[in-house]
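Here is a friendly briefing to read beside your structure. Please keep the 3D view open as you go through the topics.

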Amino acid sequence: MNIALLGYGRMGKTIEQIALKRGHNVVLTIDKDDVDYDITKADVAIDFSLPAVAYSNITNCINNNIPVVSGTTGWLDNYDNAVALCKEKKGAFIYASNFSLGVNIFFELNKVLAKMMSNLNQYKVSMEEIHHTKKLDAPSGTAISLAEDVITNHTNYNAWELDKAQDNAIPIVAKRIEDVPGTHTVDYESEVDTIHIKHTAHNRQGFALGAVIAAEWLASGKTGVFTMNDVLNIG
């Protein structure tokens, strides 16, 4: 499989290593200032670029009939437009806030727990995410996904807010600590106890492996807009 890497930072380089180990070819490595390239050299594209260019990267792939997997966060104001274009062009597209296989299982546990806790008003939900100091957005896309899944499955919350939150909003604390790949915690706390679920990434390998697995799955003749649940057949 010929892969285009759109974004060639630390994550892009880790994806490249894993892709090569799995027998694929990396035919394009596009950094933030590269604008004149031929995406049709690739069988599939993996986008871990910057928020400012992610949407143009994705639409370029879709317009050229190249399946595209994106893990860039911070561009989602245009997500619905990307979905509409993909459907119009009969393309293939996966966006995930986190491609780690373990995180996607964690997402499902979070949904189940939110449903179980929905009528237990004595428990208040809060979240914390910790990432390396070079991460630009806060809270993380993963934390936002966790919060939105709680809102969907819990009767008491209708929003999330960074740091302190009002009664019907979930507070998310975002910390930036050097060399932390990613830690996400969801707490349900009452006066008598706390229920605590947590995912800790030990390195970037899990994120990169999941992105390559998603690209392999998407490039096998799929058409449509998908999620990691489709790739992993969960949820």
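In this predicted model, N2 stands opposite N25 in β2. That contact belongs to the pairing of strand β1 (residues 2-6) with β2, which run parallel and are joined by five bridges. As a guide to reading on, residues are numbered from 1 along each chain as its sequence is written. Because the model is predicted, local features need pLDDT of at least 70, and side-chain atom pairs count only at pLDDT 80 or more, while totals for chains, interfaces and linings use all residues; side-chain values use heavy atoms, leaving out hydrogens and water.

**The sheet**

- Helices (H or I, at least four residues) and strands (E, at least two) are DSSP runs, numbered from the N terminus.
- Two strands pair if DSSP finds at least two bridges between them.
- An open sheet is built from six strands with parallel pairing, in the order β2-β1-β3-β4-β5-β11.
- The edges are β2 (25-30) and β11 (224-226); each has a single partner strand, so one side of each lacks a neighbour in the sheet.
- From one strand to the next, the twist averages 15°, with axes taken as lines fitted to C-alpha atoms (for helices over the stretch in contact) and angles running from 0 to 180 degrees between N-to-C directions.

**Aromatic rings**

- Rings of Phe, Tyr and Trp (its six-membered ring) pair if their centres lie within 6.5 Å; planes under 30 degrees apart count as stacked, over 60 as edge-to-face and the rest as tilted.
- The count by this rule is eight aromatic pairs.
- W75 and F93 make a tilted pair, because their ring centres are 6.5 Å apart and their planes stand at 55°.
- This pair links distant parts of the chain, 18 residues apart: W75 is in the loop between β4 (68-70) and α3 (79-89), and F93 is in strand β5 (residues 92-95).
- Both W75 and F93 are buried, where buried means under 20% relative accessible area, exposed over 50%, and partly exposed in between (1.4 Å probe, protein chains only).
- W75 also pairs edge-to-face with Y95, at 5.9 Å centre to centre and 85° between the planes.
- Since W75 lies in the loop between β4 and α3 and Y95 in strand β5, this pair ties together parts that are 20 residues apart in sequence.
- Like W75, Y95 is buried.
- One aromatic cluster is formed by Y55, W75, Y79, F93 and Y95.

**Charges over rings**

- A charge sits over a ring if NZ of Lys or CZ of Arg is within 6 Å of the ring centre and within 35 degrees of the ring normal.
- K13 lies over the face of Y8, 4.2 Å from the ring centre.
- K222 has its charged end over the ring of W217, at 4.4 Å from the centre.

**Salt bridges**

- A side-chain nitrogen of Lys or Arg within 4 Å of a carboxyl oxygen of Asp or Glu makes a salt bridge, and the count by this rule is five.
- K111 bridges to E108, with the closest N and O atoms 3.0 Å apart.
- These two residues both lie in helix α4 (residues 101-117), three residues apart, or about one turn of the helix.
- K111 is partly exposed at 21% relative accessibility, whereas E108 is buried at 18%.
- K175 forms a salt bridge with E128, at 3.1 Å between the closest N and O atoms.
- That link joins distant parts of the chain, 47 residues apart, with K175 in strand β8 (residues 169-176) and E128 in strand β6 (residues 124-131).
- K175 is partly exposed at 37% relative accessible area, and E128 is partly exposed at 25%.
- K135 pairs with D137, and here the closest N and O atoms are 3.1 Å apart.

**Cysteines**

- The whole structure has zero disulfides, a disulfide being a pair of cysteine sulfur atoms within 2.5 Å.
- The closest cysteine sulfur to that of C61 is in C86, 11 Å away, so the two are too far apart for a bond.
- C61 is buried at 0% relative accessibility, and C86 is buried at 1%.

**Backbone details**

- Most residues other than glycine have a negative phi, and most peptide bonds are trans.
- A138 and P139 are joined by a cis peptide bond, with omega about -5°.
- P139 is in the loop between β6 and α5 (141-153).
- N65 has a positive phi, near 60°, and lies in the loop between α2 (51-63) and β4.
- N65 is exposed, at 55% relative accessibility.
- D179 has a positive phi of about 65° and sits in the loop between β8 and β9 (182-189).
- D179 is exposed, at 58% relative accessibility.
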